[in-house]
Amino acid sequence: MKIFVALACLLAGCLAQRPHPCESPPLLSGALSVATQNEKLWLYAKYLYDALGQRIRLFEFGTLNNQTFTYDVLVLYKEHVMYEIHHHNRTCKKIPLKVDFEPLAIPKDASLLGQAVVGSSSAPGQGLLVNTWTGNLPNKGGMYMSTVTEFGCIPVSLSFQTSQFGWMVFSYFNNVIGISDPGLLNPPPFCPSADASTDEEPMGFLSLFHRKN
């Protein structure tokens with residue numbers, strides 16, 4: 001009984017503290033899903049995230065305009081390139097990248113929308129304490145809403161407005177701190193080098209989540 005009261009007091013103390021903007025761990029791996037307001041795009045992806053080297057790898061399966069697709073993409077922000085990787089025939093397309101790296105973080109100018117327990121606070125282990133933040137995207141790009149865990153700043157969900165799809169909703173799960181195979185964040189041997197020339201059109205952020213037609 002004393003232990004339960006102590007845990008309840010600890011939870012109450014955590015809820016009483018005002019959350020602050022935070023940054024997620026620099027090395028993360030896990031899975032995510034993406035859904036859009038206009039229902040044109042849905043996908044499931046396993047992801048690798050390296051904020052130190054500014055690299056992201058996505059292994060995707062989804063539907064775009066009622067057509068299914070698989071997509072394996074490696075993004076190297078420092079080199080401003082991304083690779084479409086096709087292991088089945090050992091081919092690789094190098095594409096210039098026209099966006100800068102944005103870490104998984106809550107911006108300092110974000111506004112706290114609220115704090116809540118996902119699940120239940122009735123007993124230890126039944127709930128997850130999360131903070132939800134909102135703000136405006138750069139260059140008047142619209143609004144965003146981001147939810148992260150109170151402890152660790154692990155991403156839970158992210159929603160933002162786009163002109164192409166309306167609202168996009170990212171849901172993160174099975175997150176693990178660290179990357180078990182860092183080699184997956186390097187281009188395979190059959191890919192062209194990062195400094196090789198290419199005639200491909202530069203791609204933006206949304207291109208990471210569906211195959212270019």
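Modeller: Strands here are DSSP runs (E, at least two residues), numbered from the N terminus, and two of them pair if DSSP finds at least two bridges between them. This is a predicted model, where local features need pLDDT of at least 70 and side-chain atom pairs count only at pLDDT 80 or more, while totals for chains, interfaces and linings use all residues. Residues are numbered from 1 along each chain as its sequence is written, and side-chain values use heavy atoms, leaving out hydrogens and water.

Now to the two neighbours of β5. With strand β6 (residues 91-96), β5 pairs in the antiparallel sense over 6 bridges. The hairpin of β5 and β6 has 4 residues between the strands, and R90 takes a positive phi near 55 degrees there. Strand β4 (residues 67-76) also pairs with β5 in the antiparallel sense, over 4 bridges, and L74 stands opposite Y83. In the hairpin of β4 and β5, again with 4 residues between the strands, H80 has a positive phi near 55 degrees.

How enclosed is β5? Buried means under 20% relative accessible area, with a 1.4 Å probe and protein chains only. For strand β5 (residues 81-86), 6 of the 6 residues are buried, so the strand is largely enclosed by the rest of the structure. Both faces are covered: V81, Y83 and I85 are buried on one side, and M82, E84 and H86 on the other.

Notes:
Buried means under 20% relative accessible area, exposed over 50%, partly exposed in between (1.4 Å probe, protein chains only).
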